[in-house]
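Trainee: Please show me how to read the features of a model. Take them one at a time.

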Amino acid sequence: MSDRPGKKSGRGYLEVALTIPLQHEEIVSDFIIEEVAFGLVTEDLDGELVRIVCYVPQDNNPGEKIEKIKRYLFLMEILPQDLIDEHIRTKNIKEIDWINEYQKGFKPVVIDDLAIKTPWDKTEFPEKRIIVIEPKMAFGTGKHETTQLCLRAIKKELVPGMKILDLGTGSGILSIYAAMLGASEILGLDIDPEAVPNAMENAETNNVSDIFAARTGSMEQVDKNNYYDMIISNLIYEGIVRLFDDFLNALKPGGKMILSGILDEQESQLTDFIKAKASFEIEIMQQNEWLCYILRT
Ligand SMILES: C[S@@+](CC[C@H](N)C(=O)[O-])C[C@H]1O[C@@H](n2cnc3c(N)ncnc32)[C@H](O)[C@@H]1O
């Protein structure tokens, strides 16, 4: 599999330059560093746009990585689909050895008593629960703060036997952890069709495919008579606000929500929005500039 560490680039690398609105700089930079490429440089263009430059080894499927970036820009509503191509420029750069940077990219992630690693990583974590994630096109290797906050919130809130909806499942990482902690049934949904096979593959690898099923789509896939004890969604602020009424309709009385992907500067806006919609006890967890909301009824 092409993503494995330990390779030297024999044919140089591809420089990828993206131009995106300044307000999305942080989330896109995080995504690129953690999921796609190395050597990120950002440059403020005019106070409204930012250029992000990164490098993908030529022998690491640069075409696939660019598709991954494009899909992310579209799915996270950073650029409209018809404008994405003109906001991405690529250039071949001469040979360089990327091995060290590459290995750094896929080191295991340890979060409290949980370790997340790739299938080829031989590191042992005798005292920890282990999730194995095959890094592919889908988001969710455990490196991003928003994922880590959700994992911590799940550990805190999950009661064995709960029925769970994971909206924006990506690699399936959150569902897999919920299954390991005793959830009885989990539906994972994602609008990215590439995410679903990756999530199901990861479910098999982690022996939870009897509990966790992933499907392509969003809240329209949720049966109107099907209610959940817990809804988990790691999207972005705009996505959460847009889907919030659907979440309320799918939540069992007494149910909980875990909502992540929110920046600290969006806190008062989101808190006011939630309070206007329903009466929840709200707890906010924070890691760096990222927030995760736990809503309890
Ligand atoms: C930030 S990733 C989260 C992945 C994983 N759950 C995690 O926590 O690491 C957000 C995911 O939500 C998906 N997504 C974005 N908008 C969505 C929507 N309206 N309905 C379903 N999935 C959506 C994206 O395709 C992406 O896989």
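Mentor: Start with pairing: two strands pair if DSSP finds at least two bridges between them. Strands (E, at least two residues) and helices (H or I, at least four) are DSSP runs, numbered from the N terminus. Now the case here: strand E6 (residues 114–117) and E7 run parallel, joined by 4 bridges.

Trainee: What should I know about the model and its numbering?

Mentor: This is a predicted model; local features need pLDDT of at least 70, side-chain atom pairs count only at pLDDT 80 or more, and totals for chains, interfaces and linings use all residues. Residues are numbered from 1 along each chain as its sequence is written.

Trainee: How many bridges join E5 to E6, and which way do the strands run?

Mentor: There are 3 bridges, and the two strands run antiparallel. Ile 111 stands opposite Leu 114 in E6.

Trainee: In what order do the strands of that sheet lie?

Mentor: The order is E5-E6-E7, in an open sheet of 3 strands with mixed pairing. Strand E5 (109–111) and strand E7 (129–132) stand at the edges with a single partner strand each, so one side of each has no neighbour in the sheet. On average, neighbouring strands here are turned by 20 degrees against each other, direction ignored. Axes are lines fitted to C-alpha atoms, for helices over the stretch in contact, and angles run from 0 to 180 degrees between N-to-C directions.

Trainee: Which way do the residues of E6 point?

Mentor: The general idea: in a regular strand the side chains alternate between the two faces of the sheet. In E6, Leu 114 and Ile 116 point one way, Ala 115 and Lys 117 the other, and all are buried. A residue is buried if 20 or more other C-beta atoms lie within 10 Å of its own, exposed if 12 or fewer, and partly exposed in between, with C-beta atoms placed from the backbone.

Trainee: Where is Asp 112 found?

Mentor: Asp 112 is in the loop between E5 and E6. The hairpin of these strands has 2 residues between them, and Asp 112 takes a positive phi near 50 degrees there. Asp 112 counts as exposed because 11 C-beta neighbours lie inside 10 Å.

Trainee: What is the phi of Asn 207?

Mentor: Phi is positive, about 60 degrees, although Asn 207 is not a glycine. Asn 207 sits in the loop between H7 and E10. With 12 other C-beta atoms within 10 Å, Asn 207 is exposed.

Trainee: What does Ile 211 contact?

Mentor: Contact means that the C-beta atoms of two residues, placed from the backbone, lie within 7 Å. Neighbours within four places in sequence aside, Ile 211 contacts Ala 179, Ala 183, Ser 184, Glu 185 and Ile 186. Ile 211 lies in the loop between H7 and E10. With 18 other C-beta atoms within 10 Å, Ile 211 is partly exposed.

Trainee: How many strands form the sheet that contains E10?

Mentor: There are 7 strands, in the order E10-E9-E8-E11-E12-E14-E13, forming an open sheet with mixed pairing. Its edge strands, strand E10 (212–216) and strand E13 (281–287), each pair on one side only. Helix H7 (residues 195–205) lies across E9 and E10, at about 170 degrees to E10. Elsewhere in the sheet, strand E11 (residues 228–234) and strand E12 (residues 251–263) run parallel, joined by 6 bridges. Tyr 228 stands opposite Leu 251 in E12.

Trainee: How do I read a core?

Mentor: In soluble globular proteins, nonpolar side chains tend to be buried together. A nonpolar core is a set of buried Ala, Val, Leu, Ile, Met, Phe, Trp, Tyr and Cys residues joined through C-beta atoms within 7 Å. The largest one here has 57 residues; among those touching the most other members are Cys 150, Ile 154 and Ile 258. A second, separate core of 18 residues includes Val 28, Val 50, Ile 52 and Leu 79.

Trainee: Which residues come nearest the ligand?

Mentor: A residue is near a molecule if its C-beta atom, placed from the backbone, lies within 6 Å of it. Of the 23 residues around the ligand, Gly 140, Thr 147, Gly 168, Gly 170 and Ser 218 come nearest. H5 gives the most to this shell, with 3 residues.
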